[in-house]
Each structure stands twice: as structure tokens, then as C-alpha cells.
Amino acid sequence: MLYGRNLDRTRIATLLAEAREHRRSGALLLRGEAGIGKSALLDDAEAALRTSGGTHVLRAVGVEAESNLAYAGLNQLLWHVRDRLDALPAAQSAALRTALDAPGAPADHRDRFTAGLAVLTLLADLAEENGPALCLVDDAQWLDDATASALLFAARRLTADGVVMLFAARDAGFAGSGLPELLLERLAPDDAERMLADRDVPRPARARVVRESQGNPLALRELAAAGRRRPPPTRSRSPTGSPPRSANASPNSPTKRSSCC
Ligand SMILES: Nc1ncnc2c1ncn2[C@@H]1O[C@H](COP(=O)(O)OP(=O)(O)OP(=O)(O)O)[C@@H](O)[C@H]1O
Ligand SMILES: [Mg+2]
């Protein structure tokens, strides 16, 4: 369950509804610090599409260790629709075959643009068949350059096909040049408080956890978990039941899925 995020979810829902009802296309770049909820919003978008009967979802995640491997990202994105490549115009099909069969091979600008055009055609074909096509690209800051160029080329040329492309990236990296951006803010205190209440964090401890997490959802989760793991207070400890301070759970340096105590 996502707390807060009403405006952000509405913005994405509007893109999906436009694609479903009017065959309009759109792209959006979700931007924000580690742990702010970018991947969670991509999951939410996928769930929303599936709930409304949509089936076409292509998804890839940038991998830091593969960021120097040309088309590693496209390889991931398109692998399960590779049987559709033959239906594309010959040059486009050939460009994507390179991405799928030989990631790491040098890709010049023209190759990248042809690959971008091919992605666009493929997404439009999918949308044509059975409602909107959703393309989700997470951790875009770690995409290899060839994939990033191809996908941005496609995203900037979306027209009336019923395609939605969502990118998610940390604050630094991935110049989404030309794409509309949605900057994810930290959770409001009320939403953070509800999240902690649902996680059985004792009322007296919540205000401190909200303050320490500064509304970063990952930090909230870690601090809430740390509070739950903490042994029951004894007389010699703080009577508030407050969770311990966690260096790991600061929103300025959130650690990914780390255990913080
Ligand atoms: N609005 C929210 N309500 C409840 N939980 C949330 C919310 N947003 C994120 N979370 C949870 O917080 C954790 C961190 O979120 P997420 O992984 O989406 O962050 P991220 O922005 O993708 O971070 P990174 O840049 O490291 O990939 C996850 O466990 C996620 O489920
Ligand atoms: Mg993420």
C-alpha cells in the first residue's frame, strides 16, 4: 500500500486513461532521491494497467554493472517480445536484433535512432492489438548510453498510439532531455504517521521517527522495523519506546534494503 502520493498517482493514472480511452500517448520521468518511492510508483502503474485489463507491459531496470554494455537495457526490455521483431520494417528489425543478439557491440548514433524508431513501432503495434502499452524503465541513471538514447528518441516521438513510457531516475544521472518530469517529494507528516501506525510503531515513538526519516519512505520503513525488533523497554531505558537512531536510515544516505540495527 502506498501512503500519500495522491497527486503523483493521479498524474500517472491520467496518462493511462488517455492511452486507454483516446489512444493518446505520453511519457513521464519520475525523479527523486534513493528510497523516495520511484520503483513503488512504477509497480503501482503496472498494477493499475493490469487492473483495467491491460496486458502489454515492457519493463527494464538499469544495472550499474552493465552501464558500459551497449543495449544491455534494450536487451532486457525486449527479450520477451523478441518473436515480434520480424513484423517490423527490415532496418528496424535489424537494429533491434543487434540489441538482443549482440549487446555490447558498438552502436553509432544512427543505429541508436533506428533502434529507437523500432521500439516506437513495436510499442505502437502492441497498443494497436490490445489497448495501451506500458513501458517502464527503472533506475534509468544506470542505463547504458545506447539504450538511453534509443528510448529517449522513442519517448520524444510518441503520438496517438496509446503508449505510455515511464522512466524513473535518481536526482543525478540520466538527462531525460525533453521529457516532462515529476519530482517526488518526501511524504507529508500525516502520511508518514499513518504508515507508522499501520506498522504498529507505538504512538509516542512516531513523531521522532517521522522527524528522523524526514518523510523518506525507505527510512520510515527501516526505522519502523528497527523499532519493532527492539527488545521491550526496561526501566533503565527510555520510557517512550522510541526506536533507536539509525545512521543507515537517514534520507540523506538511505541504504537499500539494509537492516539498520
Ligand atoms: N508512498 C509509499 N508508501 C509506502 N511505502 C512506500 C512508499 N513509497 C515507497 N515505499 C516503500 O519504500 C521503499 C523504498 O521505495 P522504492 O524502492 O520505490 O524507492 P526508490 O525511489 O525506487 O529508491 P532507489 O532510487 O534506491 O531505487 C520500498 O519498500 C517501498 O515499497
Ligand atoms: Mg528504485
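Let's start at the ligand. Helices α2 (38–51) and α9 (217–229) each supply at least two residues of the shell around ligand 1. A word on naming: helices (H or I, at least four residues) and strands (E, at least two) are DSSP runs, numbered from the N terminus.

Before going on, some ground rules. This is a predicted model, where local features need pLDDT of at least 70, side-chain atom pairs count only at pLDDT 80 or more, and totals for chains, interfaces and linings use all residues. Residues are numbered from 1 along each chain as its sequence is written, while chains are lettered from A and ligands numbered from 1 in the order in which they are written.

Back to the ligand. How many residues surround ligand 1? The count is 19, and the closest are Gly37, Lys38, Ser39, Ala40 and Pro217. Near here means a C-beta atom, placed from the backbone, within 6 Å of the molecule. By class, the shell has 8 nonpolar, 5 polar and 6 charged residues. Nonpolar covers Ala, Val, Leu, Ile, Met, Phe, Trp, Tyr, Cys and Pro; charged covers Asp, Glu, Lys and Arg; the others, Gly among them, are polar.

Where does ligand 1 lie relative to the domains? Domain 1 (6–183) and domain 2 (187–261) both give residues to its shell, so ligand 1 lies between them. Those bounds come from an automatic or database domain assignment.

Now the whole protein. It has 9 helices and 5 strands. From the N terminus on, the elements run α-β-α-β-α-α-α-β-α-β-β-α-α-α. Of the 261 residues, 44% are buried. Buried means 20 or more other C-beta atoms within 10 Å of a residue's own; exposed means 12 or fewer; partly exposed is in between; C-beta atoms are placed from the backbone.

Next, the sheet. It is an open sheet of 5 strands, in the order β2-β3-β4-β1-β5, with parallel pairing. Strands β2 (56–61) and β5 stand at the edges with a single partner strand each, so one side of each is left without a neighbour in the sheet. Two strands pair if DSSP finds at least two bridges between them.

Look at β1. All 6 of the 6 residues of β1 (residues 26–31) are buried, so this strand is largely enclosed by the rest of the structure. Both faces are covered: Gly26, Leu28 and Leu30 on one side, Ala27, Leu29 and Arg31 on the other. In general, side chains in a regular strand alternate between the two faces of the sheet.

Who are the partners of β1? Strand β4 (residues 163–169) runs parallel to β1, joined by 6 bridges. There, Leu28 stands opposite Leu166. Strand β5 (residues 181–183) also runs parallel to β1, joined by 3 bridges. In β5, Leu29 stands opposite Glu181, and Arg31 has Leu183 as its bridge partner.

Last stop, Pro180. It is found in the loop between β4 and β5. Is Pro180 buried or exposed? Pro180 is exposed, with 12 other C-beta atoms within 10 Å. Leaving out residues up to four places away in sequence, Pro180 touches Leu28 and Leu29. Contact means C-beta atoms, placed from the backbone, within 7 Å. Pro180 and Leu30 are 150 residues apart along the chain, yet their C-alpha atoms are separated by 8.9 Å.

How values were computed. Contact = placed C-beta atoms within 7 Å.
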